[in-house]
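Let me put the model up and then walk you through a few parts.

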Amino acid sequence: MSAVPLGMPAFPKAARDATRNPTLRRNLRHATRTIRGRRAAAVAELDDWAELRAAGAAVKDHTLRHLDRYLEQAEAAVRAAGGHVHWAADAAEANRIVAGLVRAAGETEVVKVKSMATQEIGLNEALAEAGITAYETDLAELIVQLGDDRPSHILVPAIHRNRGEIRDIFAGTMGEWGVPAPDGMTDEPRELAEAARLHLREKFLRAKVAVSGANFLVAETGTLVVVESEGNGRMCLTLPETLISVVGIEKVVPTWRDLEVFLQLLPRSSTAERMNPYTSTWTGTTDGDGPREFHLVLLDNGRTGVLADEVGRQTLRCIRCSACLNVCPVYERAGGHAYGSVYPGPIGAILTPQLRGTTSEIDASLPYASSLCGACYDVCPVAIDIPEVLVHLREKVAAQPGHPVERAALAAAAWVMSDPKRYTALQRTAVRTRALHPRKAALPGWAKAWGATRDLPAVPAESFRTWWQRRDTSGETP
Ligand code: SF4
């Protein structure tokens, strides 16, 4: 994964700053509440949603278990259909491959259809260093690019912007990137969309090379699938002469029958639609139709490490629907930028530290960016137990150097609990001194604020074990 953004503070600090921005909070509250209400209604229409969800999880688990086989099958099918396949172990290699392909095509510009994988590897920045300009064509990505901003949501990267802000960005910067915004443009959605359409159309008609991601890769035929709502994907995928698709290795599904499950799960979970407005599929190249050259870059970038972790590997089931973001109380208040990665919200809190490791301050703080309320698990269409992975990652972070309080507390707990005599003695002491216990957890240093907002559980007058022994001897029944 690409590096942590320069100067990125830990999640608590970034979130604190974000919660002080009333405009941001208003934009987020309005957007997430609207989307999650619609999603709930769309999901409620299906009687077999639970079965569909279980099927999605099962297909993903099966594929991940046999990932090597399905990737090789997909590779052979893409080659047989006239495409080229490249394997990229990490972000640097993927960026090198893409820049080399663009140069080989003799071009210095590419159009892009929204792709999280290319954001993950920092492709735009790498291409810029190689003298190649990448133009985002997804409306929200365009807003982010023109505003010199960062995406803050998986599905709606400019969710933190309102109409007035978008109007100002378009009016101020569109001309620097190509066709300017029309004079007198207001913040009416129709006028904003028209400005974007005019601006992008010129790019589509000029571009010789396009870069895309993919939502799925069907192994049996080597077919790539992009689902989107604007039609920009279709323009990117069909008009240029060369198409380069950068795809994470976990995107593979074995068959078209399997794809059917996800084409039902994804739209209802993401945009609350029964089906996606645009579902584009392509297989290699076809004479006289679409790009003449097709390259598939299969990206690892930490995914095989995630796969090796028995608890964490369920993260790779993710189909990037963003439902977990829209229900998360932490995301709704903190916004996406606080997560310091292209993957915000609950999925970001478990995916980023697995892809990037937990050595930086921000990555080590991400597993704690959750109240563990479980709302993310309830809505996840592929049943990723996000709270389980969060706790698992917290254990890993706590085991790292630099967490002496957690380590000392866990070591003390292990010492007490590994010996029944010690455990009983501690219980007796706790019962005898219960009148002296403070109501709040009085913790030192950085943990002070955490303890000040939490009540300590009251110690009962008698422990369960003592009561059980007394019941044995007195014949008392529960
Ligand atoms: S973790 Fe689940 S709910 Fe969140 S984006 Fe991925 S598939 Fe959607």
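Quick housekeeping: residues are numbered from 1 along each chain as its sequence is written. And this is a predicted model, where local features need pLDDT of at least 70, side-chain atom pairs count only at pLDDT 80 or more, and totals for chains, interfaces and linings use all residues.

So, domains. The protein chain splits into domain 1, 11-303, and domain 2, 404-474; those bounds come from an automatic or database domain assignment. Going by C-alpha atoms, the two domain centres are 51 Å apart.

Now, what surrounds the ligand? There are 14 residues around it, and the closest are Cys 318, Cys 321, Cys 324, Ile 347 and Cys 380. Near here is a C-beta atom, placed from the backbone, within 6 Å. That shell has 11 nonpolar, two polar and one charged residues. For the classes, Ala, Val, Leu, Ile, Met, Phe, Trp, Tyr, Cys and Pro are nonpolar, Asp, Glu, Lys and Arg are charged, and the others, Gly among them, are polar.

On to the helices, which are DSSP runs (H or I, at least four residues) numbered from the N terminus. Axes are lines fitted to C-alpha atoms over the stretch in contact, with angles from 0 to 180 degrees between N-to-C directions.

Helix H9, residues 163-177, and helix H10, residues 189-206, have axes that come within 11 Å and cross at roughly 30 degrees. So H9 is roughly parallel to H10, the word for angles under 35 degrees. On the H9 side, the contact (C-beta atoms, placed from the backbone, within 7 Å) includes Arg 163, Phe 170 and Met 174, and on the H10 side Pro 189 and His 199. Its residues divide into six nonpolar, one polar and two charged.

Pro 346, Ala 349, Ile 350 and Pro 353 of H16 meet Ile 386, Val 389, Leu 390 and Leu 393 of H19. By class, that contact is eight nonpolar, no polar and no charged residues.

How values were computed:
Helices (H or I, at least four residues) and strands (E, at least two) are DSSP runs, numbered from the N terminus. Angles under 35 degrees count as roughly parallel, over 145 as roughly antiparallel, 65 to 115 as roughly perpendicular and the rest as oblique. Two residues are in contact if their C-beta atoms, placed from the backbone, lie within 7 Å.
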